[in-house]
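Q: Can you take me through this model? I'd like the ground rules before the details.

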Amino acid sequence: MRIVRPGGLSEREIEAWRELRVKAGGPANPFMEPEFTRAVAEVRPRSRVAVWWEDDEPVGFFPFEKGPLGRGRAIGFGVSDSQGAVLRPGLRPGARALLRACGLAVWEFDNLEDGQPVFEGAAAESFASPVIDVGEGYAAYEALLRAQSPKFLKTTLAKERRLGRQADGDVRFVFDERDPAALDTLMEWKSAQYRRTGRGDRFAQGWITGLVRRLHELRAPGCSGVLSVLYVGDRPIAAHFGLRSATVLSCWFPAYDPEFAKYSPGLVLHLRMAEAAAAAGIGMLDLGRGAAEYKDSLKTGESTVYEGAVVRPGALGALHWLRREPPLRVHRFVRTRPALAARGRAALNALARLRGHR
């Protein structure tokens with residue numbers, strides 16, 4: 001095994017990584033491609049990849065970020081929606097031995113993909129990640145929505161028609177918008193949404209903003225940035241930025257102009273994204289971990305992701321465990337009690353409103 005900066009991967013290694021993902025047979029999630037790891041490395045200098053070689057062939061890859069005191073995290077931790085190792089079938093390194101070889105005391109993950117046997121037993125919690133299956137085409141998906149969410153679909157389509165009648169300009173949708181100004185608008189909306197709801201503003205972190213801009217420019221078979229925009233005339237009213245492979249669109253950052261909220265432009269946008277994705281040969285939209293009413297209305301099924309950590313025995317491992325576990329247990333306690341979670345959200349929203357009036 002060798003440890004290398006992502007930018008130091010050879011073309012042979014990158015191609016082997018891609019081939020291993022294809023042979024794995026699961027969803028071709030773009031977050032698991034080498035291009036995503038290399039993009040993260042451009043804004044997160046502590047990014048590394050462990051590479052296994054056997055018989056003069058690269059047979060495995062483990063991307064990670066290495067912090068102080070041996071603290072390791074999944075690549076792009078906090079924003080990446082699919083994480084783990086990319087290994088040849090049958091290659092099963094021990095998780096703690098892997099950490100030792102990488103110089104890590106702990107490795108944390110928050111969206112470990114399903115089917116990662118190396119890290120079995122390390123997950124503390126599992127989460128549903130809603131998906132939209134458009135493999136049979138958009139018409140089949142819309143027919144399914146008419147059966148399972150008839151009120152939602154009828155209301156959303158009616159709002160789309162009303163927007164078309166009342167808007168000052170033609171309503172149009174662009175699936176893959178290349179204008180960076182539209183991306184700036186999306187990030188401004190999203191930042192405002194984070195602040196309005198009392199959440200931490202991800203786009204206040206320079207590395208996340210830089211990563212999104214790099215990915216918007218990225219064009220690779222397994223990982224391309226896709227900015228989708230709903231316009232009224234030349235004015236964007238809803239937008240989404242995500243990553244796509246040949247067959248999967250990973251939904252990431254959606255937002256809309258609150259001035260048009262009565263038309264539910266975010267929901268209209270997602271329907272048009274599903275339609276365009278199906279036309280482009282994409283079979284699945286992954287809406288990402290986290291409960292949301294709109295996801296429940298749009299989804300056709302769910303995948304599973306995991307949160308947890310591998311901890312090596314020793315003083316540093318114990319230190320990281322003590323730092324990590326107490327707040328996680330508090331979050332878990334609140335999350336599993338809907339009434340308490342609702343009060344917490346209300347408190348966050350009230351705090352955000354108070355901050356806005358200062």
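A: A residue is called buried under 20% relative accessible area, exposed over 50% and partly exposed in between, with a 1.4 Å probe and protein chains only. This is a predicted model, where local features need pLDDT of at least 70, side-chain atom pairs count only at pLDDT 80 or more, and totals for chains, interfaces and linings use all residues. Residues are numbered from 1 along each chain as its sequence is written, and side-chain values use heavy atoms, with hydrogens and water left out.

Q: What share of the chain's residues count as buried?
A: 50% of the 358 residues.

Q: And how many helices and strands?
A: The chain has eleven helices and 13 strands. Both are DSSP runs numbered from the N terminus: helices are H or I with at least four residues, strands are E with at least two.

Q: Which residues touch the most other members of the largest nonpolar core?
A: Tyr-141, Leu-271 and Leu-285, in a core of 33 residues. Such a core is a set of buried Ala, Val, Leu, Ile, Met, Phe, Trp, Tyr and Cys residues joined through side-chain atoms within 4.5 Å.

Q: Which element gives the most to this core?
A: H8, with nine residues. At least two residues each come from helix H4 (138-148), H5, strand E9 (224-232), E10, E11 and H8.

Q: What is Leu-285 in contact with?
A: Setting aside neighbours within four places in sequence, the contacts of Leu-285 include Pro-130, Val-131, Ile-132, Leu-249, Cys-251 and Met-273. Contact means heavy atoms within 4.5 Å.

Q: What lies apart from that core?
A: Another core, of 29 residues, with Ala-39, Ile-208, Phe-241 and Trp-252 among them.

Q: Back to H8. At what angle do the axes of H5 and H8 cross?
A: Roughly 100°, and the axes of H5 (residues 150-166) and H8 (residues 265-279) come within 9 Å. The two helices are therefore roughly perpendicular. Axes are lines fitted to C-alpha atoms, for helices over the stretch in contact, and angles run from 0 to 180 degrees between N-to-C directions. Under 35 degrees counts as roughly parallel, over 145 as roughly antiparallel, 65 to 115 as roughly perpendicular, and the rest as oblique.

Q: Which residues meet there?
A: From H5, Phe-152, Leu-153, Thr-156, Leu-157 and Glu-160; from H8, Leu-267, Val-268, Leu-271 and Arg-272. By class, this contact has six nonpolar, one polar and two charged residues. Nonpolar covers Ala, Val, Leu, Ile, Met, Phe, Trp, Tyr, Cys and Pro, charged covers Asp, Glu, Lys and Arg, and the others, Gly among them, are polar.

Q: New topic: H2. How many of its residues are buried?
A: Seven of ten, in a helix spanning residues 34-43. Among the buried ones are Pro-34, Glu-35 and Phe-36. They pack against helix H1 (11-24), E2, E3, helix H7 (206-217), strand E10 (235-244) and strand E11 (248-256).

Q: Which residues are buried in H3?
A: In H3 (residues 95-102), Ala-95, Leu-98, Leu-99 and Cys-102. They cover an arc of only 100° around the axis, so they are on the same side of H3. The arc is that of the directions from the helix axis to the C-beta atoms. Just after H3, Gly-103 has a positive phi of about 75°.

Q: Last one: Ser-82, buried or exposed?
A: Buried, at 5% relative accessibility. Ser-82 sits in the loop between strand E4 (71-74) and strand E5 (86-87).
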